[in-house]
Amino acid sequence: MASGTTGSKFSGLGAEKYGADQEQDANSALLELDKGLRSTRVGEQCEAIVRFPRLFEKYPFPILINSSFLKLADVFRIGNNFLRLCVLRVTQQSEKHLDKILNVDEFLRRIFSVIHSNDPIARALTLRVLGSIACIISERKNTHHSIRTSLDSHDEVELEAAIFAASCFAAQSRTFAVGICNKIAEMIQGLATPVEMKLRLIPIFQHMHHDAQTAAKVRQLCVDMLPSYPARGFVMVTLHTLSLLSAQTLIDIPQQVELLLHYLQQDPRRAIKLKVLSDLHLLTKKAPHMWAQHNLQVLCSFISITPYDNLKLRALTVLSVLAESSPLITKESSLMEVCLENCYHSNIAISTEASTVLTNLACQLSKGASSKVDETLLNQCVAAVESLLTVCVTETTEQHQLMLKKSLSCVSCLCKSFPALASSLADTIYSLLDVAQGEMPLLLYQGLAAVGSTCPSGLEQLRFDLLDRLHEVSAMPQDKQQDFQVLLTSLVLMACPVPLPGHMTKTLIDSLTSDPNHWTAFCVARQAARWGHHTVAVKLLQRLPSLVASEHLHFWLISLGEFCAGEEQLSHIHPDQPQHKGTVTLAQACGHYQKGTTALKASVTPTFPLEFQTQFSQLRAELLQAHANLLAACSTLQTCPPPAIATAMANVSGKEIQRTGRIGTQLQQCVAQFRMLSAKYGDLLQASFDADLTTLKSLTHLQQGCLLMAHVVDVLVLHNHQYISADVYNIQWDVPDFSRGESGGEALPPVFQDVLKMVQKTLGEAQGSAITHVQVSSVFKASCMLLREPLHFPRYFFQALQSTQIKLALSPSQRSVNDPVLVSTDTQLALKVEGVIQHGAKPGLFRAVNKVCLDVSSSSDTKIPQEQKVRVDNLNNELQELVEPHNDYFSAQFLLHFPFPGNHTVYAEASVIDTSGLSWKTGPKMTLLVRSFDPNAPQPPRHQQPPPPPPGRSSALRF
């Protein structure tokens, strides 16, 4: 075996991590691990065992996992206790793969045989393994009996293992939970059970939530035990167990809140009060709407009278969650008094939490039915936050830094709910930069960036001050210059209008030209492209392509420069300029995009396919070309106006389009092109499952822009007589709300509203007359207004914060590319589709996979005689099935029929349905070649008889 020495993620076992595993397939990797298991050296055996979880993560398919666990069960059966400990760790680390074990009976038989050992350590390890695999053997009666018997053991290690197994099985099996309930109660109340074991037994009750009767019985038992066992440890464990049980049953949460508040008031021990407040926080997060008004008053009165800061802080944390999410929280007088009393507390942590409660309360009230917040409350909230910011920057301790982050979060929430406050809060943050020291200025700049991202207009009054501070960056320490440079430049770009004034552009470029760190220049160029300042981005990207070592990065930077150059050209288009100048400028922009798209394709690598970037840039290039075609069609009115008999020809033929002559036909083609682009943007939007909300919103606006342009041409030229008395604002967008959440339900962008106002005015002047230069000129102006709007490159173009990838496997599979699967025409092909969902570092950051939709279809390459088609209702298979992934694995089976001999292609495609019910076309799409033959034909094709697969061959090899 290989002998790598780098550290592994399996802590406590000394496992080795082998770089050669990346090149191995599932079969060879499993063979190598099996060789290690058969070794006579214990070290090599342990080394092989602890590498199994990594193998499962790389090839998470049932055949391989089943074979691997059977081998591990053999090692557990015949090995020593240390090897059993290693197998136990593997089962605990591979919990999500346990349900893929196919031979559960055989696996359990090999493990369970050790339970009869005379060694209590071996029995304890067996019990812990059984508890770890409880999800697949939860209803095995022999296992239940062994655990129940082991609870009577006099060996401490075995008893602890039995308690662990009992807890795991109680969480999975209703039968076991009901049967063991009385046993656990007797042991807790028995005098022979040590105190330490009683404290371990009580948490088992948290899993007795399978039915209401058992839960009520356990709850009553625990409540009755509280007066009988007043020791601190018993009370804390019992209350916490009841809280966890209530969080599962839900119906007992009001009673549990009452019980916890009772102990909070009556019990004098601080440790118990802290545990009570921790449990209240847990229940509040679970169901804040189940709090009663008098519960809130009790908690507020406790905050007012307690002299201990740590208790006051914990209680305010509970209030913060209530104020953030509970619909019953209103301007309760006691709540307001508590917040105002503690907003200026000498303990900065308490004042921060009280200010957070006020902020959450104000934001919650702004979302209510009335959406009105008392000015007094809002002013008090702003004053508390501003005072807190001032206090936080006075010192540079870690606590003050943490409190400053929380207070800046409050500022961001206030700006999001009340945009009018953004300017004053931004001024307050900026004024503190002169007194801040250490890491505080960087945090303050980050707070200003959060304000600018939420409400860019809040930084407008600071743009010149921020620009002046760029000169101070060179005097800062070398390790901080890059962060400050990028942040300050980003703030200037947020605060300044587009296009950026010339002197400000020169200042920004000069401040970056002297910086030897080219990564800083790229970061600033990226921010400039995201905020629409393409002139700055072009100048920064001009010198970067020649400074990178990779060819792919070289072309990537060239493509970014060309895209930004094209957007810069569009800023020179003006609605009042002559049409031919606009056409020339637009042609130059199209040329830049064509060059950029070519360079972007050259930067693609297998590791970074850049699918979104390529599609986004191609659609942008097609959109610019569509506008160019529209401008060319508008000029047709001058060179080829409608003939004098156009109206008569339209009346005779009944085709209204003939009223407009040649320009009408061209504009019809432009409308069709814009609608086709809208559909393409919709497809890109539906494929961007991992994109952030701002990116989805940007794609939605681009899709709406295409529909708007088609609507403008239709209203002003093609069917203007139909819109004389109609509302031009009534547009059928047909755009699904993929950006549901923060950006859902927003109004149209201002440029869209300006275009519709102009169209309404022009339509009123035309009064349904034939096509005129006024109407064509309005179409030209509408196109220019949309083109002049700066494109903000979405964040997903540069950075993906969430990564979700689906891999599919088909069974049966082709032995080679040109060797199809053979099937008889009188039988059906059983196709099994398996899949695995792979996640990045932050799974479910924006949305999570709820279901997977599998679409299977087939098409025939053989021409079927016309007389035989009537005998078959459906020649091509079209099947669909919704499956719910379990531990990121899913599978489905389909029966496909091929009634006529010939070659067929089977397509299997996966799409995703998220937790909101929206469908996303994430892919992938796989194909399978099938050849059907007639068994009764005189000369049937040669039957395919594949050789038996080699040992260890699995479906994972096809991924």
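Leu-250 is partly exposed, with a relative accessible area of 38%. In this predicted model, the residue sits in the loop between helix H13 (232-249) and helix H14 (253-266). Its phi is near 70°, a positive value in a residue other than glycine. Most residues other than glycine have a negative phi.

Asn-887 is another case. Its phi is positive, about 55°, although Asn-887 is not a glycine. The loop that holds Asn-887 runs between strand S5 (878-883) and strand S6 (889-897). Asn-887 is partly exposed, and its relative accessible area is 30%.

## Cis peptide bonds

Most peptide bonds are trans. The bond joining Ser-811 and Pro-812 is cis, with omega about 0°. Pro-812 belongs to the loop between strand S1 (804-811) and strand S2 (821-824).

A cis bond also runs from Gly-923 to Pro-924, where omega is near 0°. Pro-924 is in the loop between strand S8 (919-920) and strand S9 (925-933).

## Helix H9

Helix H9 covers residues 156-172. At 1.5 Å a residue, its 17 residues should span 24 Å. The end C-alpha atoms are 25 Å apart, which agrees. Asp-155 caps the N-terminal end of H9. A side-chain oxygen of Asp-155 lies 3.2 Å from the backbone nitrogen of Val-157.

Which residues of H9 are buried? They are Glu-158, Leu-159, Ala-161, Ala-162, Ile-163, Ala-165, Ala-166, Ser-167, Cys-168, Phe-169 and Ala-170. The cover over the buried residues of H9 includes H7, helix H8 (141-150), helix H10 (174-189) and helix H11 (195-201).

## Helices H6 and H7

H7 also meets H6. Two packed helices are described by the angle and the distance between their axes. The axes of helix H6 (residues 104-112) and helix H7 (residues 120-132) come within 10 Å. They cross at roughly 155°. Angles over 145 degrees count as roughly antiparallel, so H6 is roughly antiparallel to H7.

Which residues make the contact? H6 brings Leu-108, Ile-111 and Phe-112. H7 brings Thr-126, Val-129 and Leu-130. Of the residues in this contact, five are nonpolar, one is polar and none is charged.

Note on methods. Residues are numbered from 1 along each chain as its sequence is written. This is a predicted model: local features need pLDDT of at least 70, side-chain atom pairs count only at pLDDT 80 or more; totals for chains, interfaces and linings use all residues. Side-chain values use heavy atoms; hydrogens and water are left out. Axes are lines fitted to C-alpha atoms, for helices over the stretch in contact, and angles run from 0 to 180 degrees between N-to-C directions. Helices (H or I, at least four residues) and strands (E, at least two) are DSSP runs, numbered from the N terminus. Angles under 35 degrees count as roughly parallel, over 145 as roughly antiparallel, 65 to 115 as roughly perpendicular and the rest as oblique. Contact means heavy atoms within 4.5 Å. Ala, Val, Leu, Ile, Met, Phe, Trp, Tyr, Cys and Pro count as nonpolar, Asp, Glu, Lys and Arg as charged, and the others, Gly among them, as polar. Buried means under 20% relative accessible area, exposed over 50%, partly exposed in between (1.4 Å probe, protein chains only). The expected span of a helix is 1.5 Å times one less than its number of residues. A polar contact is a pair of N or O atoms within 3.5 Å; within protein, one must be able to donate a hydrogen and the other to accept it, and residues adjacent in sequence count only if both atoms are side-chain atoms.
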